[in-house]
Amino acid sequence: MLLVTIDSIPGKQIEALGMVKGTIVQSKHLGRDFMASLKTLVGGEIVGYTEMLTEARQIATKRMVDEAEKLGADAIVGVMYGSSAVMQGAAEVVAYGTAVKIKE
């Protein structure tokens, strides 16, 4: 599955099949959340949260791709990500774009 952030595929004609999305709400376990709160005292990257969001983006992307495959898509154009804090220690990540069929 080809994923691009632009709205077209250079040199190809495409047929839009519809919007697809993948979403997840993910949290860190209590031990890592406690360690993250201590890290805020001294500053720097909170690795546990970086890892959590990376994993959440991967899952959201897979769910989006799975939805596009069900439509018979060859690619997803206009791929974007969004995230928001749902509660302390939990974040929602959404991946979305337009599923397309590449015309030969």
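User: Hi! What order do the strands of the sheet come in?
Analyst: The order is β1-β3-β4-β2, in an open sheet of 4 strands with mixed pairing. Strands here are DSSP runs of E with at least two residues, numbered from the N terminus, and two of them pair if DSSP finds at least two bridges between them. This is a predicted model, where local features need pLDDT of at least 70, side-chain atom pairs count only at pLDDT 80 or more, and totals for chains, interfaces and linings use all residues. Residues are numbered from 1 along each chain as its sequence is written, and side-chain values use heavy atoms, with hydrogens and water left out.

User: Which ones are the edge strands?
Analyst: β1 (2-3) and β2 (13-27), each pairing on one side only.

User: And how many bridges link β3 and β4?
Analyst: 10 bridges, with β3 (residues 75-87) and β4 (residues 90-103) pairing in the antiparallel sense. Met87 stands opposite Ala90 in β4.

User: What does helix α2 touch on the sheet?
Analyst: Helix α2 (residues 47-70) packs on the sheet and touches β1, β2, β3 and β4. Helices are DSSP runs of H or I with at least four residues, and contact means heavy atoms within 4.5 Å.

User: New topic: which residues touch the most other members in the largest nonpolar core?
Analyst: Val20, Met64, Ala68 and Ile76, out of 13 residues in that core. A nonpolar core is a set of buried Ala, Val, Leu, Ile, Met, Phe, Trp, Tyr and Cys residues joined through side-chain atoms within 4.5 Å. Buried means under 20% relative accessible area, exposed over 50%, and partly exposed in between, using a 1.4 Å probe and protein chains only.

User: Where does the largest share of this core come from?
Analyst: From α2, which gives 5 residues.

User: What is Ala68 in contact with?
Analyst: Leaving aside neighbours within four places in sequence, Ala68 contacts Met1, Val20, Ala73, Ile76 and Ala99.

User: Now Thr61. Why does Thr61 count as buried?
Analyst: Because its relative accessibility is 14%. Thr61 lies in helix α2.

User: Which side chain does Thr61 join in a polar contact?
Analyst: That of Tyr81, at 2.6 Å. The side chain of Thr61 also reaches the backbone oxygen of Arg57 at 2.8 Å. A polar contact is a pair of N or O atoms within 3.5 Å; within protein, one must be able to donate a hydrogen and the other to accept it, and residues adjacent in sequence count only if both atoms are side-chain atoms.

Note on methods. Axes are lines fitted to C-alpha atoms, for helices over the stretch in contact, and angles run from 0 to 180 degrees between N-to-C directions.
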